[in-house]
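Work through the exercises below with the model open. Try each task before reading its solution.

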Amino acid sequence: MKLKAIVLAAGEGTRMKSKLPKVLHKVCGQTMLKHIIDTVNNSDIEECIVVVGYEAEKVKESLSSEVKTVFQEEQLGTGHAVTMAYDNIREGTTVLVLCGDGPLITEKTLRAMIDYHRKEDLGATVLTADLPNPEDYGRIIRDAEGRLQKIVEEKDATVEEKSITEINSGIYCFDGSILRDVLPKLENNNIQKEYYLTDVLSVMHNMGLKTGIYKTENYEEVMAINYREQLADVEAIMRKRINGNHMKNGVTIINPGHTYIEKTVTIGMDTVIYAGAILTGNTVIGEGCIIGQNSRIENSIIGNGVEVQSSTIINSSVGDYTTVGPYAYLRPNSSIGKHVKIGTFVEVKNSKIDSYSSASHLSYIGDADVGKNVNIGCGVVFVNYDGKEKNRSVIGDNVFVGSNVNLIAPLIVRKDGYIACGSTITSEVPEGALAIARARQENKEGWVDKKGLLKK
Ligand code: UD1
Ligand code: CA
(Lines give C-alpha, C1' and ligand atoms only; values in the text may rest on other atoms or scores of the structure.)
(Ligands and ions follow the chains in the order given, each with its own letter.)
Protein backbone atom coordinates (compact mmCIF):
# COMPACT_ATOMS: atom_id res chain seq x y z
CA MET A 1 0.00 0.00 0.00
CA LYS A 2 1.18 3.48 -0.84
CA LEU A 3 2.44 5.73 1.91
CA LYS A 4 2.14 9.50 1.95
CA ALA A 5 3.04 12.01 4.63
CA ILE A 6 1.45 15.36 5.48
CA VAL A 7 3.45 17.70 7.69
CA LEU A 8 1.51 20.54 9.32
CA ALA A 9 3.53 23.73 9.25
CA ALA A 10 1.08 26.56 8.66
CA GLY A 11 0.85 27.89 12.21
CA GLU A 12 2.55 31.05 13.41
CA GLY A 13 3.69 29.66 16.72
CA THR A 14 2.57 32.66 18.78
CA ARG A 15 3.86 31.09 22.01
CA MET A 16 7.42 31.39 20.66
CA LYS A 17 7.08 35.22 20.66
CA SER A 18 9.07 35.49 17.46
CA LYS A 19 9.04 37.16 14.06
CA LEU A 20 10.18 33.86 12.58
CA PRO A 21 7.54 31.17 11.90
CA LYS A 22 7.94 28.51 14.58
CA VAL A 23 8.87 25.67 12.23
CA LEU A 24 11.87 27.68 10.98
CA HIS A 25 13.47 27.90 14.41
CA LYS A 26 16.59 25.80 14.42
CA VAL A 27 17.48 22.75 16.47
CA CYS A 28 21.19 21.91 16.31
CA GLY A 29 21.61 24.23 13.35
CA GLN A 30 18.77 22.89 11.21
CA THR A 31 15.15 24.06 11.09
CA MET A 32 12.78 21.82 13.01
CA LEU A 33 10.78 21.36 9.81
CA LYS A 34 13.86 20.10 7.91
CA HIS A 35 14.59 17.58 10.67
CA ILE A 36 11.07 16.18 10.29
CA ILE A 37 11.14 16.11 6.49
CA ASP A 38 14.52 14.31 6.54
CA THR A 39 13.12 11.70 8.91
CA VAL A 40 9.99 11.30 6.78
CA ASN A 41 12.07 10.96 3.61
CA ASN A 42 14.12 8.22 5.26
CA SER A 43 10.98 6.23 6.12
CA ASP A 44 9.98 4.77 2.73
CA ILE A 45 7.44 7.47 2.10
CA GLU A 46 6.54 8.16 -1.51
CA GLU A 47 5.44 11.73 -1.15
CA CYS A 48 5.73 14.34 1.58
CA ILE A 49 3.32 17.26 1.49
CA VAL A 50 3.90 20.25 3.74
CA VAL A 51 0.96 22.46 4.72
CA VAL A 52 2.19 26.07 4.78
CA GLY A 53 0.32 29.23 5.74
CA TYR A 54 1.86 31.78 8.05
CA GLU A 55 4.87 33.31 6.20
CA ALA A 56 4.35 30.64 3.55
CA GLU A 57 6.99 32.04 1.19
CA LYS A 58 9.66 32.01 3.88
CA VAL A 59 8.78 28.46 4.87
CA LYS A 60 8.78 27.31 1.22
CA GLU A 61 12.14 28.99 0.62
CA SER A 62 13.62 26.92 3.45
CA LEU A 63 12.56 23.69 1.74
CA SER A 64 14.21 21.95 -1.17
CA SER A 65 12.32 22.29 -4.44
CA GLU A 66 11.25 18.62 -4.41
CA VAL A 67 9.04 19.13 -1.36
CA LYS A 68 5.42 19.62 -2.31
CA THR A 69 3.43 22.26 -0.41
CA VAL A 70 -0.24 23.14 -0.05
CA PHE A 71 -1.49 26.46 1.27
CA GLN A 72 -3.72 27.03 4.30
CA GLU A 73 -4.76 30.64 4.11
CA GLU A 74 -6.34 30.86 7.55
CA GLN A 75 -5.11 28.76 10.41
CA LEU A 76 -8.38 27.23 11.51
CA GLY A 77 -6.87 24.22 13.25
CA THR A 78 -4.92 21.02 12.61
CA GLY A 79 -7.96 19.23 11.10
CA HIS A 80 -8.52 22.13 8.71
CA ALA A 81 -4.80 22.05 7.83
CA VAL A 82 -5.02 18.39 6.77
CA THR A 83 -8.12 19.21 4.71
CA MET A 84 -5.93 21.54 2.61
CA ALA A 85 -4.18 18.40 1.34
CA TYR A 86 -7.53 16.66 0.66
CA ASP A 87 -6.87 16.12 -3.06
CA ASN A 88 -3.68 14.24 -2.20
CA ILE A 89 -5.43 11.84 0.15
CA ARG A 90 -6.46 8.79 -1.84
CA GLU A 91 -8.08 5.47 -1.33
CA GLY A 92 -5.61 2.64 -0.93
CA THR A 93 -3.05 4.94 0.67
CA THR A 94 -1.76 5.08 4.22
CA VAL A 95 -1.49 8.71 5.26
CA LEU A 96 1.03 9.65 7.93
CA VAL A 97 0.36 13.05 9.54
CA LEU A 98 3.01 14.85 11.59
CA CYS A 99 3.27 18.28 13.19
CA GLY A 100 6.09 20.58 12.12
CA ASP A 101 7.09 21.28 15.71
CA GLY A 102 8.21 17.81 16.85
CA PRO A 103 11.70 17.30 15.38
CA LEU A 104 12.84 14.45 17.64
CA ILE A 105 10.76 11.69 16.07
CA THR A 106 12.88 8.89 14.56
CA GLU A 107 12.48 6.70 11.50
CA LYS A 108 12.49 3.63 13.73
CA THR A 109 9.43 4.73 15.68
CA LEU A 110 7.59 5.90 12.55
CA ARG A 111 8.19 2.56 10.85
CA ALA A 112 7.08 0.61 13.94
CA MET A 113 3.90 2.67 14.13
CA ILE A 114 3.12 2.24 10.43
CA ASP A 115 3.70 -1.52 10.71
CA TYR A 116 1.37 -1.72 13.71
CA HIS A 117 -1.30 0.34 11.92
CA ARG A 118 -1.19 -1.95 8.87
CA LYS A 119 -0.92 -5.22 10.74
CA GLU A 120 -3.94 -4.38 12.91
CA ASP A 121 -5.80 -3.07 9.84
CA LEU A 122 -6.83 0.12 11.63
CA GLY A 123 -8.66 3.14 10.28
CA ALA A 124 -6.45 5.41 12.32
CA THR A 125 -3.56 5.03 14.73
CA VAL A 126 -2.22 7.68 17.05
CA LEU A 127 1.29 7.70 18.45
CA THR A 128 1.28 8.33 22.20
CA ALA A 129 3.67 8.39 25.15
CA ASP A 130 3.61 8.98 28.88
CA LEU A 131 5.22 12.35 29.53
CA PRO A 132 6.63 13.42 32.90
CA ASN A 133 5.09 16.82 32.20
CA PRO A 134 2.03 16.39 29.94
CA GLU A 135 0.94 20.03 30.27
CA ASP A 136 -0.28 21.63 27.02
CA TYR A 137 -0.56 18.36 25.11
CA GLY A 138 -3.78 16.63 24.10
CA ARG A 139 -4.59 13.79 26.53
CA ILE A 140 -5.49 10.27 25.48
CA ILE A 141 -8.82 9.10 26.87
CA ARG A 142 -9.19 5.32 26.72
CA ASP A 143 -12.44 3.40 27.07
CA ALA A 144 -13.02 0.55 29.51
CA GLU A 145 -11.22 -1.87 27.16
CA GLY A 146 -8.21 0.41 26.99
CA ARG A 147 -9.03 1.46 23.41
CA LEU A 148 -8.89 5.03 22.19
CA GLN A 149 -12.13 6.85 22.92
CA LYS A 150 -11.07 10.43 22.26
CA ILE A 151 -8.32 13.00 22.56
CA VAL A 152 -8.97 16.02 24.75
CA GLU A 153 -6.98 19.23 24.38
CA GLU A 154 -5.52 20.75 27.54
CA LYS A 155 -7.76 23.79 27.09
CA ASP A 156 -10.89 21.64 26.86
CA ALA A 157 -9.88 19.13 29.53
CA THR A 158 -11.46 18.60 32.95
CA VAL A 159 -9.22 18.52 36.02
CA GLU A 160 -9.46 14.74 35.98
CA GLU A 161 -8.51 14.54 32.31
CA LYS A 162 -5.55 16.85 32.93
CA SER A 163 -4.15 14.35 35.41
CA ILE A 164 -3.70 11.81 32.56
CA THR A 165 -0.04 11.57 31.55
CA GLU A 166 -0.54 9.76 28.25
CA ILE A 167 -0.39 12.39 25.52
CA ASN A 168 -1.10 12.74 21.82
CA SER A 169 2.16 13.14 19.91
CA GLY A 170 0.39 14.81 17.00
CA ILE A 171 1.62 11.96 14.79
CA TYR A 172 -0.98 9.67 13.21
CA CYS A 173 -1.52 7.05 10.53
CA PHE A 174 -4.79 7.09 8.63
CA ASP A 175 -6.41 4.92 6.08
CA GLY A 176 -6.78 7.29 3.10
CA SER A 177 -10.39 6.59 2.23
CA ILE A 178 -11.60 6.75 5.85
CA LEU A 179 -9.79 10.06 6.34
CA ARG A 180 -11.51 11.39 3.21
CA ASP A 181 -14.88 10.38 4.67
CA VAL A 182 -14.32 11.82 8.13
CA LEU A 183 -12.53 15.16 7.48
CA PRO A 184 -15.69 16.90 6.18
CA LYS A 185 -17.51 15.84 9.35
CA LEU A 186 -15.23 17.88 11.67
CA GLU A 187 -16.77 20.68 13.71
CA ASN A 188 -15.22 23.52 15.62
CA ASN A 189 -17.33 23.48 18.78
CA ASN A 190 -14.46 23.74 21.24
CA ILE A 191 -12.84 26.47 23.29
CA GLN A 192 -10.44 27.50 20.50
CA LYS A 193 -13.13 27.37 17.75
CA GLU A 194 -10.73 25.27 15.70
CA TYR A 195 -11.17 22.19 13.53
CA TYR A 196 -9.16 19.70 15.52
CA LEU A 197 -7.54 16.79 13.71
CA THR A 198 -7.81 14.89 16.98
CA ASP A 199 -11.60 14.84 16.56
CA VAL A 200 -11.19 12.61 13.51
CA LEU A 201 -10.41 9.81 15.97
CA SER A 202 -13.49 10.27 18.16
CA VAL A 203 -15.72 10.63 15.09
CA MET A 204 -14.30 7.33 13.85
CA HIS A 205 -14.76 5.74 17.27
CA ASN A 206 -18.40 6.86 17.27
CA MET A 207 -18.88 5.47 13.76
CA GLY A 208 -17.65 2.12 15.07
CA LEU A 209 -14.46 2.21 13.00
CA LYS A 210 -11.28 0.63 14.31
CA THR A 211 -8.80 3.08 15.77
CA GLY A 212 -5.67 2.24 17.71
CA ILE A 213 -2.92 3.54 19.90
CA TYR A 214 0.74 2.94 19.32
CA LYS A 215 2.51 3.92 22.52
CA THR A 216 6.24 4.50 22.55
CA GLU A 217 8.51 4.19 25.57
CA ASN A 218 10.87 6.79 24.05
CA TYR A 219 8.83 9.72 25.21
CA GLU A 220 11.52 12.21 24.25
CA GLU A 221 10.78 11.52 20.59
CA VAL A 222 7.30 13.01 20.82
CA MET A 223 8.26 16.20 22.62
CA ALA A 224 7.05 19.23 20.67
CA ILE A 225 8.12 22.84 20.74
CA ASN A 226 5.61 25.54 21.64
CA TYR A 227 7.83 27.74 23.83
CA ARG A 228 11.50 28.79 23.73
CA GLU A 229 12.15 26.74 26.84
CA GLN A 230 11.01 23.63 24.99
CA LEU A 231 13.23 24.65 22.07
CA ALA A 232 16.20 24.53 24.46
CA ASP A 233 15.04 21.18 25.93
CA VAL A 234 14.68 19.63 22.48
CA GLU A 235 18.02 21.10 21.38
CA ALA A 236 19.71 19.46 24.38
CA ILE A 237 18.18 16.07 23.54
CA MET A 238 19.09 16.34 19.87
CA ARG A 239 22.64 17.39 20.80
CA LYS A 240 22.94 14.43 23.14
CA ARG A 241 21.72 12.13 20.40
CA ILE A 242 24.19 13.48 17.79
CA ASN A 243 27.13 13.47 20.20
CA GLY A 244 26.18 10.00 21.40
CA ASN A 245 26.37 8.67 17.83
CA HIS A 246 29.86 10.12 17.39
CA MET A 247 30.99 8.58 20.67
CA LYS A 248 29.59 5.22 19.54
CA ASN A 249 31.76 5.59 16.44
CA GLY A 250 34.93 6.12 18.50
CA VAL A 251 35.12 9.87 18.94
CA THR A 252 36.00 11.21 22.40
CA ILE A 253 33.90 14.17 23.45
CA ILE A 254 35.22 15.61 26.69
CA ASN A 255 32.08 17.51 27.65
CA PRO A 256 29.14 16.49 25.43
CA GLY A 257 26.75 18.94 27.04
CA HIS A 258 28.91 21.76 25.84
CA THR A 259 29.87 20.54 22.37
CA TYR A 260 27.75 21.59 19.40
CA ILE A 261 27.84 19.30 16.39
CA GLU A 262 25.35 19.46 13.56
CA LYS A 263 23.77 16.30 12.15
CA THR A 264 25.65 16.80 8.87
CA VAL A 265 29.17 16.54 10.34
CA THR A 266 31.40 13.45 9.99
CA ILE A 267 34.21 12.72 12.48
CA GLY A 268 36.89 9.99 12.35
CA MET A 269 37.88 7.56 15.09
CA ASP A 270 40.08 8.65 18.01
CA THR A 271 39.51 12.31 17.41
CA VAL A 272 39.12 14.21 20.68
CA ILE A 273 36.73 17.15 20.88
CA TYR A 274 37.00 19.63 23.74
CA ALA A 275 34.30 21.76 25.30
CA GLY A 276 32.85 24.64 23.38
CA ALA A 277 33.64 23.22 19.93
CA ILE A 278 31.07 24.17 17.28
CA LEU A 279 31.18 21.92 14.23
CA THR A 280 28.69 22.76 11.53
CA GLY A 281 27.54 22.23 7.95
CA ASN A 282 29.26 19.69 5.75
CA THR A 283 32.35 19.47 7.90
CA VAL A 284 34.41 16.30 7.69
CA ILE A 285 37.06 15.68 10.35
CA GLY A 286 39.61 12.88 10.01
CA GLU A 287 40.95 10.39 12.54
CA GLY A 288 43.14 11.15 15.52
CA CYS A 289 42.56 14.91 15.50
CA ILE A 290 42.39 17.22 18.48
CA ILE A 291 39.70 19.87 18.21
CA GLY A 292 40.46 22.17 21.10
CA GLN A 293 38.18 24.29 23.21
CA ASN A 294 35.98 26.89 21.57
CA SER A 295 37.00 25.99 18.05
CA ARG A 296 34.47 26.68 15.33
CA ILE A 297 34.67 24.67 12.13
CA GLU A 298 32.11 25.29 9.42
CA ASN A 299 31.82 23.44 6.08
CA SER A 300 35.46 22.41 6.15
CA ILE A 301 37.51 19.31 5.46
CA ILE A 302 40.08 18.46 8.14
CA GLY A 303 42.59 15.65 7.51
CA ASN A 304 43.97 13.08 9.99
CA GLY A 305 46.10 13.97 12.99
CA VAL A 306 45.25 17.66 12.78
CA GLU A 307 45.31 19.81 15.90
CA VAL A 308 43.06 22.85 16.04
CA GLN A 309 43.22 25.03 19.14
CA SER A 310 40.67 27.77 19.86
CA SER A 311 40.42 28.68 16.20
CA THR A 312 37.84 29.37 13.53
CA ILE A 313 37.85 27.57 10.18
CA ILE A 314 35.25 28.37 7.54
CA ASN A 315 34.78 26.78 4.08
CA SER A 316 38.38 25.63 3.99
CA SER A 317 40.52 22.50 4.04
CA VAL A 318 43.40 21.47 6.31
CA GLY A 319 45.84 18.64 5.45
CA ASP A 320 47.08 15.81 7.67
CA TYR A 321 49.20 16.59 10.75
CA THR A 322 48.80 20.34 10.39
CA THR A 323 48.36 22.48 13.50
CA VAL A 324 46.07 25.47 13.63
CA GLY A 325 46.00 28.04 16.45
CA PRO A 326 45.56 28.95 19.15
CA TYR A 327 43.53 31.87 17.88
CA ALA A 328 43.94 31.41 14.15
CA TYR A 329 41.26 32.29 11.60
CA LEU A 330 40.98 30.40 8.33
CA ARG A 331 38.51 32.31 6.21
CA PRO A 332 36.68 30.91 3.18
CA ASN A 333 38.52 29.20 0.38
CA SER A 334 41.75 28.52 2.20
CA SER A 335 43.54 25.29 1.46
CA ILE A 336 46.25 24.33 3.91
CA GLY A 337 48.58 21.43 3.11
CA LYS A 338 50.06 18.69 5.30
CA HIS A 339 52.38 19.30 8.25
CA VAL A 340 51.74 23.03 8.06
CA LYS A 341 51.83 25.28 11.10
CA ILE A 342 49.29 28.07 11.27
CA GLY A 343 50.05 29.66 14.62
CA THR A 344 48.74 32.27 17.01
CA PHE A 345 46.75 35.18 15.57
CA VAL A 346 47.32 34.15 11.97
CA GLU A 347 44.54 34.95 9.52
CA VAL A 348 44.35 33.24 6.14
CA LYS A 349 41.86 34.08 3.41
CA ASN A 350 41.37 32.68 -0.09
CA SER A 351 44.88 31.27 -0.07
CA LYS A 352 46.69 28.03 -0.66
CA ILE A 353 49.55 27.12 1.67
CA ASP A 354 51.48 24.03 0.64
CA SER A 355 52.92 21.33 2.89
CA TYR A 356 55.61 21.86 5.54
CA SER A 357 55.20 25.64 5.46
CA SER A 358 54.68 27.66 8.58
CA ALA A 359 53.26 30.98 9.69
CA SER A 360 53.68 30.80 13.42
CA HIS A 361 52.58 34.19 14.68
CA LEU A 362 50.57 37.30 13.90
CA SER A 363 50.34 37.23 10.10
CA TYR A 364 47.73 38.05 7.50
CA ILE A 365 47.86 35.85 4.42
CA GLY A 366 45.22 36.93 1.91
CA ASP A 367 44.83 35.96 -1.76
CA ALA A 368 48.13 34.10 -1.91
CA ASP A 369 49.63 30.89 -3.26
CA VAL A 370 52.35 29.87 -0.87
CA GLY A 371 54.65 26.98 -1.86
CA LYS A 372 56.16 24.14 0.17
CA ASN A 373 58.48 24.59 3.11
CA VAL A 374 58.00 28.35 3.24
CA ASN A 375 58.66 30.24 6.46
CA ILE A 376 56.47 33.24 7.09
CA GLY A 377 57.91 35.25 9.97
CA CYS A 378 56.08 37.05 12.72
CA GLY A 379 53.98 39.99 11.64
CA VAL A 380 54.11 39.40 7.88
CA VAL A 381 51.31 41.09 5.97
CA PHE A 382 50.22 40.09 2.50
CA VAL A 383 49.02 43.46 1.28
CA ASN A 384 46.34 42.22 -1.08
CA TYR A 385 44.08 45.23 -1.37
CA ASP A 386 45.00 48.50 -3.07
CA GLY A 387 41.76 50.22 -2.17
CA LYS A 388 40.09 49.09 -5.38
CA GLU A 389 41.06 45.54 -6.18
CA LYS A 390 42.28 42.40 -4.50
CA ASN A 391 45.58 41.17 -5.93
CA ARG A 392 47.35 37.84 -5.58
CA SER A 393 50.82 36.96 -4.35
CA VAL A 394 52.75 33.88 -5.37
CA ILE A 395 55.49 32.64 -3.04
CA GLY A 396 57.73 29.82 -4.34
CA ASP A 397 58.97 26.76 -2.46
CA ASN A 398 61.55 27.17 0.33
CA VAL A 399 61.14 30.94 0.54
CA PHE A 400 62.03 32.56 3.86
CA VAL A 401 60.06 35.68 4.71
CA GLY A 402 61.54 37.53 7.70
CA SER A 403 59.46 39.19 10.39
CA ASN A 404 57.41 42.30 9.81
CA VAL A 405 57.54 42.15 6.03
CA ASN A 406 54.88 43.74 3.83
CA LEU A 407 54.36 41.86 0.59
CA ILE A 408 52.58 44.21 -1.78
CA ALA A 409 50.47 42.29 -4.31
CA PRO A 410 50.47 41.53 -7.16
CA LEU A 411 53.81 39.94 -6.38
CA ILE A 412 55.96 36.94 -7.20
CA VAL A 413 58.71 35.70 -4.90
CA ARG A 414 60.62 33.00 -6.77
CA LYS A 415 61.70 29.78 -5.06
CA ASP A 416 64.56 29.73 -2.55
CA GLY A 417 64.34 33.52 -2.11
CA TYR A 418 64.95 35.28 1.22
CA ILE A 419 63.31 38.49 2.35
CA ALA A 420 64.99 40.49 5.08
CA CYS A 421 62.81 41.40 8.02
CA GLY A 422 61.17 44.80 8.03
CA SER A 423 61.11 44.96 4.23
CA THR A 424 58.30 46.30 2.13
CA ILE A 425 58.48 44.28 -1.07
CA THR A 426 56.89 45.79 -4.15
CA SER A 427 58.48 43.89 -7.02
CA GLU A 428 59.45 40.37 -8.00
CA VAL A 429 62.17 38.61 -5.97
CA PRO A 430 64.32 36.39 -8.22
CA GLU A 431 65.09 32.74 -7.44
CA GLY A 432 67.62 32.33 -4.65
CA ALA A 433 68.02 36.10 -4.10
CA LEU A 434 67.94 38.06 -0.85
CA ALA A 435 65.65 41.09 -1.00
CA ILE A 436 66.13 43.91 1.48
CA ALA A 437 63.86 46.90 1.27
CA ARG A 438 64.33 49.05 4.34
CA ALA A 439 66.30 52.12 5.40
CA ARG A 440 69.90 51.45 6.41
CA GLN A 441 70.68 51.97 10.11
CA GLU A 442 72.73 55.00 11.16
CA ASN A 443 74.13 55.36 14.73
CA LYS A 444 74.78 58.87 16.06
CA GLU A 445 77.43 58.42 18.76
CA GLY A 446 76.90 60.35 22.02
CA TRP A 447 73.59 61.82 20.83
CA VAL A 448 71.67 61.15 24.07
CA ASP A 449 74.28 62.87 26.26
CA LYS A 450 74.56 65.85 23.87
CA LYS A 451 70.81 66.37 24.06
CA GLY A 452 71.02 66.33 27.90
CA LEU A 453 68.81 63.23 28.02
CA LEU A 454 71.26 60.89 29.77
CA LYS A 455 69.81 59.66 33.06
CA LYS A 456 72.13 60.35 36.02
C1 UD1 B 1 -1.49 19.57 18.83
C2 UD1 B 1 -2.62 18.56 19.11
C3 UD1 B 1 -2.40 17.98 20.51
C4 UD1 B 1 -1.05 17.32 20.57
C5 UD1 B 1 0.05 18.27 20.17
C6 UD1 B 1 1.35 17.52 20.00
C7 UD1 B 1 -4.63 19.27 17.95
C8 UD1 B 1 -5.94 19.94 18.08
N9 UD1 B 1 -3.89 19.23 19.05
O10 UD1 B 1 -1.64 20.60 19.77
O11 UD1 B 1 -3.41 17.04 20.79
O12 UD1 B 1 -0.80 16.83 21.87
O13 UD1 B 1 -0.24 18.90 18.90
O14 UD1 B 1 2.41 18.35 19.82
O15 UD1 B 1 -4.30 18.79 16.88
N16 UD1 B 1 -0.96 23.91 12.32
C17 UD1 B 1 -1.34 24.20 11.02
N18 UD1 B 1 -2.51 24.83 10.81
C19 UD1 B 1 -3.34 25.17 11.80
C20 UD1 B 1 -2.97 24.86 13.13
C21 UD1 B 1 -1.78 24.23 13.35
O22 UD1 B 1 -0.62 23.91 10.08
O23 UD1 B 1 -4.41 25.73 11.51
C24 UD1 B 1 0.32 23.23 12.54
C25 UD1 B 1 1.28 24.07 13.35
O26 UD1 B 1 2.12 24.82 12.48
C27 UD1 B 1 2.07 23.03 14.14
C28 UD1 B 1 1.12 21.85 14.23
O29 UD1 B 1 0.10 22.07 13.29
O30 UD1 B 1 3.23 22.62 13.45
C31 UD1 B 1 0.53 21.71 15.62
O32 UD1 B 1 -0.12 22.91 15.96
P33 UD1 B 1 -0.05 23.50 17.42
O34 UD1 B 1 -0.83 24.74 17.46
O35 UD1 B 1 1.34 23.52 17.90
O36 UD1 B 1 -0.89 22.37 18.18
P37 UD1 B 1 -0.86 22.03 19.73
O38 UD1 B 1 -1.70 22.99 20.46
O39 UD1 B 1 0.53 21.83 20.19
CA1 CA C 1 2.51 22.05 19.25
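**Exercise 1: polar contacts of the ligand**

Task: find which polar side-chain atom lies 3.3 Å from an oxygen atom of ligand 1.

Solution. Step one: take the side chain of K22, where a polar atom lies 3.3 Å from an oxygen atom of ligand 1. A polar contact here is a pair of N or O atoms within 3.5 Å. Step two: turn to R15, which has a side-chain N or O atom 3.4 Å from an oxygen atom of the ligand. Step four: check the cover. Ligand 1 has 760 Å² of accessible area on its own, and the protein covers 91% of it (Shrake-Rupley method, 1.4 Å probe).

The model is predicted; local features need pLDDT of at least 70, side-chain atom pairs count only at pLDDT 80 or more, and totals for chains, interfaces and linings use all residues. Residues are numbered from 1 along each chain as its sequence is written, chains are lettered from A and ligands numbered from 1 in written order, and side-chain values use heavy atoms, without hydrogens or water.

**Exercise 2: the shell**

Task: sort the shell around ligand 1 by class.

Solution. Step one: the classes are nine nonpolar, twelve polar and four charged residues. Gly counts as polar. Step two: β10 gives the most, with three residues.

**Exercise 3: an aromatic pair**

Task: classify the pair Y116 and Y214.

Solution. Step one: the ring centres are 5.6 Å apart (pairs need centres within 6.5 Å).

How values were computed. Polar contact = N/O pair within 3.5 Å; in protein donor to acceptor, adjacent residues only side chain to side chain. Helix = DSSP H or I, 4+ residues; strand = E, 2+ residues; numbered from the N terminus. Phe/Tyr/Trp six-rings, centres within 6.5 Å; stacked < 30°, edge-to-face > 60°.
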